[in-house]
Every structure is written in structure tokens, then in C-alpha cells.
Amino acid sequence: MRLSRYFLPVMKETPADAQIASHRLMLRAGMIKQASAGIYSWLPLGYKVLKNIERIVHEEQIAAGHIPMLMPTLQPADLWRESGRYDAYGPEMLRIRDRQDRDMLYGPTNEEMITDIFRSHVSSYRDLPLTLYHIQWKFRDEVRPRFGVMRGREFYMKDGYNFDLTYEDAMHAYDRHMVSYLRSYERMGLRAIPMRADSGPIGGEDTHEFLVLADTGESEVFYDSTILDMKLGDRGIDYYDRAGLRNICETWTTPYARTDETHDQSLFEKIPEDRRRESRGIEVGQIFYFGTKYSAAMGATVAGPDGAKVPVHMGSHGIGVSRLVGALIEANHDEKGIIWPEGVTPFHVGIVNLRQGDGDCDAACERLLEATTALGLEPLYDDRNERAGAKFATMDLIGLPWRITVGPRGLKEGKVELTSRRTGESEEMSPEAAIDRIAQIYGIGHTPE
Ligand SMILES: Nc1ncnc2c1ncn2[C@@H]1O[C@H](COP(=O)(O)OP(=O)(O)O)[C@@H](O)[C@H]1O
Ligand SMILES: [Mg+2]
């Protein structure tokens, strides 16, 4: 992509109404444009990041054996009357009436609709276990939408639903979700800590929230610092190995980690003092086992091995895909702008031409553009007639992790400069060496031992 032909409406001024870094930077970097309170258009750069996050979520869900599908944003109110949530949900639900005078709503979540699909098509335990999910826009008419995409009214969420015959099978689904979520966050370059959450008025169910540490988070969190050393890494995970999965989940949930809602000071004080941490966090996901709550209310039953009909055990599991864009920026920025982790960056590498119009510089940039594209990478070439300072400022603002700078002086010695956005360190090398390095960073043409 050439910047001269792209749509990147960056802003020089700091938007006055944006209170936190991610909101300010998303506006300044031309990633989003507010359409109305808590409702945003995703401009090309923001859209790319959103899609990258979505892709990682899809890949990890599919790897865990979960099946993608798509349900509509608009739902009939009758389904929600069956579960009793139509009245219970309150003013956060956007209610709509269509021309036939039917009560509709813009879905804030999909338990009712998925349960309806399930009961229409599944009647035997032989079709279980089953986990279906989709990534779809949701609407919740929040009282106080704020912080840009972090607390929107319209937001993009992955929500998955498991259907199982027994509690034990549902716990296996729970564990698959916990591990696939941890993997997804890790691939995005984020550390999200699973924390025991409040299961609400019913109690007895299992639920964990995943929190990214950030000063601007809405939740207060308390945790044992040993959890910061934990990593899933690249190891292969066998999602059908129940004991192995349980083991991983136990390792991740043993150190103390809770939000203010479930915090227990006396338990917390049992941790050595130097390991106790109190900070704030952003909720980027939640997994929930809720048993037969919806299946019993809506008649989602299967015939068990003995022929008797039983309501299925269910859980629902969400990842805040659009919120993650903001959370990633909260965790990865400096005073100059965003610093994308390689896993989600909108472009893999920026190419900056210091003297646009100079024959050698232009030709060298074109070659870099071609070579990186041929490797399957997406470069962003700043080919505008701008001063070096302006080009660097744009690159720093939009946060591409790597930049190749091409200037007449370096080229005379056959060199370009490769700069890391995160460390600010630059190294001179031949264009070929720079391409090799970039390819290696993104794991292209590199076979692991
Ligand atoms: N208003 C919102 N704006 C952006 N993302 C949201 C919003 N509400 C929820 N999410 C994301 O969707 C995920 C699943 O939602 P859920 O747990 O049902 O929400 P909540 O915890 O607000 O009840 C949350 O972990 C969060 O990441
Ligand atoms: Mg939640």
C-alpha cells in the first residue's frame, strides 16, 4: 500500500473529549470516527486491526474444536420472553418495532437465539458435545458509553455457546475456552489474566474474566505477581486431552487473581507481601458455565443414553473483539503513538522515503515494496512529498513495529536503516538484509527446529 493512495486521516491535535490514551490515539491515527455516542465507523487502519484480532480469535476457536456460524443482529422479542429476559434486561436493550408491529431488539447477546437453533435441530445426546460461536455486532444501550471502543454501545464480540450432556462435559468445554482464550491473547501480544468473577445472583456456577492490566481499566484487580511469569508459549495443545487441559487451567487459576467483585482480603494476605499486587484491569473476555438455565426455560433437551429427555448443560463465552483494539493500545503505546505487537499490526513494515522524487531513493523503495509484498507481507510505503519529520511522526503515531528508512546518504553505501518502533533502536544494513530480518521476525521462510 502506498500512503499517497491510502485513506489515513491522521489528526495533529489531541481530541479534547478523549479521556484515555487509546481513545485519543485511535482518533489521531485515523482508525475510527464517532458516528454517535458509543457508535463508531472503523476507518481503514482501524478496520485492519479489528480484522486481525478477529482472525486470531477464529483460528484459535476452530483449533479448539468450536464451530463458526453467524446469527443476525436483530432478534424477535418472543425468544427473550421465553427465557424471561425481555423484561429483566432493562433499558440497556435497544427495542425496535417493525412495520408489522412485531417487537424486535438489537441483540446484546445470543443465548436465546442459539438455544432456539439447538432445540430445533438436536434431540439426541449422540450429537453432543457441540460448541457453536459467532463474531457479530452487539448493541447495549450503556448509560455511559466512554473511552471510545472500550465501552461502546455498538461493539463487536465473539460469543460461543457449548451444549453438553453432563456437567463434566460442560467443564471440558469450559477448559477448552479458557485455554483457547489464553492462546488468543498471547498471539495478540497481550497478557490477560484469568480472574475468578462473580457469577451473579444464582451462584454456584463457574466463571472467569480475563483482564489486561492497565491504569485506565474499569475494574480493580488483586493478584499474585507469580502469574506474570506464566506463558503458554508455542507448545501444541491437545484439546481432547481433558486431564491435560484441566492441568493447564489449574496452573493458571491457582495463583490468587480476583477483581474487586470477588476479592477476599484474608486470602490475599496469605500471599507473601512482596508478591501482592493491586492495580486496574480491562475485561477483554469472560467464560461462564450456567448449567441448564436457558435449556430448561426454553426446552432444549436431548434424549440421553437411557432414552430419558434431559436439559443440556450450557455455557457462554465471550471475547470483546472491538474492545481489544483499545486494550491493545492501552498496553502498547508511548508519547509518540501506538506500538503494535507483530501479531495484530495493520501493516508489517513501514517504508519511509526520505527524498521523494530522487531516482535512487524511489527505485530502492519500489524494490522494497515489491520484495516484501512477494513474501506475503503487507508494507505501507510513505511516498508522500513530505519532510522526513512529518513522515516519521506519522509512522510513530500509527505504530507499525518496524520501519525501513531509505535516504540518499545511506544508499550511496548500499544501506538502508531498520528501526524498531518499540525500542527506537536503528541498524544500518543492505536492503536485502533488512528484508531477511523482517521475514524472520514474522516467521516467513524460517523453519522452526
Ligand atoms: N459496552 C461494551 N463495549 C465494548 N466491549 C464490551 C462491552 N460490553 C462487553 N464488552 C466485551 O464483551 C465481553 C463479553 O461481554 P460480557 O461479559 O457479557 O459483558 P459485561 O461483562 O459487560 O457484562 C466482555 O468481556 C468485554 O470484553
Ligand atoms: Mg463480562
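A nonpolar core is a set of buried Ala, Val, Leu, Ile, Met, Phe, Trp, Tyr and Cys residues joined through C-beta atoms within 7 Å. In this predicted model, the largest such core holds 100 residues. The protein has 449 residues, of which 41% count as buried, and contains 14 helices and 23 strands.

**Overall form**

- The radius of gyration is 24 Å, close to the 22 Å that the globule rule gives for 449 residues, so the protein is as compact as a globular protein of that length.
- The C-alpha trace spans about 80 × 55 × 45 Å along its principal axes.
- Among contacts with a separation of 6 or more, 72% are between residues 24 or more positions apart.

**The largest nonpolar core**

- In soluble globular proteins, nonpolar side chains tend to be buried together.
- Ile 53, Leu 211, Val 212, Val 284 and Val 321 touch the most other members of the largest core.
- Helix H6 (residues 167–187) gives the most to this core, contributing nine residues.
- The core lies between domain 1 (7–337) and domain 2 (347–441), because both give residues to it.

**The three-stranded sheet**

- Three strands form an open sheet in the order E4-E6-E5, and their pairing is antiparallel.
- Strand E4 (74–76) and strand E5 (94–97) stand at the edges with a single partner strand each, so one side of each has no neighbour in the sheet.
- From one strand to the next, the twist averages 35°.
- E4 is joined to strand E6 (residues 103–106) by three bridges, and Pro 76 stands opposite Met 104 in E6.

- A second open sheet has five strands in the order E20-E19-E21-E22-E23, with mixed pairing.
- Its edge strands, E20 (379–382) and E23 (426–429), each pair on one side only.
- Neighbouring strands in this sheet are turned by 20° against each other on average, direction ignored.
- Strand E21 (residues 402–406) and strand E22 (residues 416–420) run antiparallel and are joined by four bridges; the bridge partner of Trp 402 in E22 is Ser 420.
- Helix H12 (residues 388–398) packs on the sheet and touches E19 (349–353), E20 and E21, with its direction at about 170° to that of E19.
- Helix H14 (residues 431–441) lies across E19, E21, E22 and E23, and runs at about 25° to E22.

Technical notes. Residues numbered from 1 in each chain as written. Chains lettered and ligands numbered in written order. Predicted model: local features only at pLDDT ≥ 70, side-chain atom pairs only at ≥ 80, totals over all residues. Buried ≥ 20, exposed ≤ 12 C-beta atoms within 10 Å, placed from the backbone. Helix = DSSP H or I, 4+ residues; strand = E, 2+ residues; numbered from the N terminus. Domains from an automatic or database assignment. Pairing = 2+ DSSP bridges. Axes fitted to C-alpha atoms, helices over the stretch in contact; angles between N-to-C directions. Rg over C-alpha atoms; globule rule 2.2 N^0.38 Å. Contact = placed C-beta atoms within 7 Å.
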